[in-house]
Amino acid sequence: MSPTPPTCRSCGAAGLLTILSLGQTPLANALLTADQLARPEPRYPLDLVFCSGCSLVQITETVPPEELFRDYLYFSSFSETMLRHAAELAGRVIAERHLGPTSLVVEIASNDGYLLQFYHQQGVPVLGIEPAQNIARVAQEERGVRTLCEFFGAALAGQLRAQGAQADVIHANNVLAHVADLNGVVAGLGTLLKAGGVAVIEVPYVKDLIDHVEFDTIYHEHLCYFSLTALDRLFRRHGLQVQDVERLPIHGGSLRVFVARAPAAGGPGRARVDALLHEEATWGVDQIAFYRGFGARVERLRDDLRELLRGLKAAGQQIAVYGASAKGSTLLNYCGIGPAVLDFVVDRSPVKQGRYTPGTHLPIYAPEKLLEARPDYVLLLTWNFADEILAQQAAFRQAGGRFILPIPEVKVV
Ligand code: ZN
């Protein structure tokens with residue numbers, strides 16, 4: 001138990017209001033090796049709360065980033081959807097901002113260079129910042145993407161600036177939600193950004209999380225769950241302004257915001273920002289009432305899924321799992337579904353194969369295992385890539401295999 005009540009990660013206000021408790025869970029990305037199975041796994045409370053000061057939704061527990069990210073197993077390039085998304089984004093930004101050999105594009109948490117490679121290939125200088133050593137090495141050695149193996153924050157931004165670095169574009173895709181020092185990172189963006197430059201930031205959108213019951217996107221790596229209202233207040237505090245906003249389908253529903261040093265011009269972008277802020281106010285995203293009811297829907301989904309899986313198992317059906325994802329870990333651990341009903345997990349990422357899922361200890365194999373073992377059902381835990389995976393698994397499905405999609409409601413396809 002923490003000795004003092006937690007305060008808001010953005011505005012520092014006390015008195016955070018509870019939305020949902022997912023219990024004590026192991027770290028969602030902490031896949032185990034065979035000899036780790038016998039050792040006790042650390043578990044941490046997973047409680048979702050709301051700040052009525054700035055309307056930011058967040059979890060209360062902060063697991064030290066060194067424990068979470070040093071040997072992170074998520075390689076962005078293993079998803080074709082992610083690569084296509086990255087290629088489109090880079091192409092568009094190069095054209096719109098007229099980037100060339102004297103520009104600089106920085107990405108925070110640049111992973112394996114999945115995005116910066118598309119700038120690098122067009123002759124635009126890049127700098128990746130990625131704390132996971134194994135992943136930074138892949139970016140550098142396999143893609144030629146210049147990468148600093150560091151955590152980004154105000155201090156690193158200050159050092160880079162002192163060395164003369166000024167970014168025309170800074171990308172932060174799916175990273176703002178992960179950082180413990182939220183204000184330090186946002187201050188760092190302001191420091192590193194050239195006057196007239198733009199930070200392009202993507203975050204999962206809390207409105208989609210609530211609407212589509214995406215409770216499995218809640219895990220210890222994801223500290224914050226943003227609305228535009230919460231982002232707008234955060235950036236303003238650091239002299240930055242949201243200049244444009246887009247809603248994206250990726251990761252179950254995301255926001256992409258374009259942020260510049262204030263004061264920024266008006267224009268059609270800012271009109272879109274004002275329109276969405278207005279909509280959010282009418283939905284009530286700045287009121288706890290908007291989030292109440294979500295907890296009850298999550299419990300109902302858990303009961304439906306348990307009932308389906310236990311019924312199938314009792315009828316002698318074999319059930320496997322697709323996707324050794326962090327999402328999947330939250331879902332299995334919260335629902336209390338493990339080896340009693342599930343046989344094994346498959347995942348395309350070779351670094352996950354041969355390991356075991358956190359908490360539930362299911363063995364992880366390559367997807368080919370599905371055609372070999374021929375389970376009757378496959379629970380799809382990476383539902384955010386459902387179209388891509390169902391297409392890849394056409395042979396398995398034609399042979400009679402069925403997929404169970406858990407979210408937004410339990411469905412067999
Ligand atoms: Zn707050």
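In which sense do β1 and strand β2 (residues 43-50) pair, and over how many bridges? The pairing is antiparallel and extends over 7 bridges. The legends below describe close-up views of the structure.

This is a predicted model, in which local features need pLDDT of at least 70 and side-chain atom pairs count only at pLDDT 80 or more, while totals for chains, interfaces and linings use all residues. Residues are numbered from 1 along each chain as its sequence is written, and side-chain values use heavy atoms, with hydrogens and water left out.

**View 1. The open sheet of 4 strands that contains β1 and β2.** The strand order is β1-β2-β3-β9, with antiparallel pairing. Strands (E, at least two residues) and helices (H or I, at least four) are DSSP runs numbered from the N terminus, and two strands pair if DSSP finds at least two bridges between them. Pro 26 stands opposite Arg 43 in β2.

**View 2. The loop between β2 and β3 (57-59).** Ser 55 lies in this loop. Although Ser 55 is not a glycine, its phi is positive, at about 70 degrees.

**View 3. A salt bridge between Arg 143 and Asp 112.** The two side chains meet at 3.7 Å, N to O. A salt bridge is defined here as a side-chain nitrogen of Lys or Arg within 4 Å of a carboxyl oxygen of Asp or Glu. Arg 143 belongs to helix α4 (residues 133-143) and Asp 112 to the loop between β4 (105-108) and α3 (116-120), so the pair ties together parts that are 31 residues apart in sequence. The structure holds 16 salt bridges.

**View 4. The contact between domain 1 and domain 2.** The chain is divided into domain 1 (151-291) and domain 2 (295-412), with bounds that come from an automatic or database domain assignment. Their centres, taken over C-alpha atoms, are separated by 32 Å. Domain 1 contributes 13 residues to the contact and domain 2 contributes 15 residues, where contact means heavy atoms within 4.5 Å. The two domains bury about 1200 Å² between them, 68% of it on carbon and sulfur atoms; buried area is the accessible area (1.4 Å probe) that two parts lose on being put together, summed over both. Val 213, Phe 215 and Asp 216 supply 53% of the area that domain 1 buries against domain 2, more than any other three residues.

**View 5. Polar features at the interface of domain 1 and domain 2.** Between the domains, 4 residue pairs are in polar contact, both residues being at pLDDT 80 or more. A polar contact is a pair of N or O atoms within 3.5 Å; within protein, one must be able to donate a hydrogen and the other to accept it, and residues adjacent in sequence count only if both atoms are side-chain atoms.

**View 6. The open sheet of 6 strands with mixed pairing.** The order is β14-β13-β12-β15-β16-β17. β14 (364-365) and β17 are the edge strands, each pairing on one side only. Strand β12 (residues 319-322) and strand β13 (residues 345-346) pair in the parallel sense over 2 bridges, and Val 321 stands opposite Val 345 in β13. Strand β15 (residues 377-380) is likewise parallel to β16, over 3 bridges, with Tyr 377 opposite Arg 402 in β16.

**View 7. The hairpin formed by β16 and β17.** There are 5 residues between the two strands, which run antiparallel and are joined by 2 bridges. Leu 405 has Lys 411 in β17 as its bridge partner. Pro 408 lies in the loop between β16 (402-405) and β17 (411-412). A cis peptide bond joins Ile 407 and Pro 408, with omega about 10 degrees.
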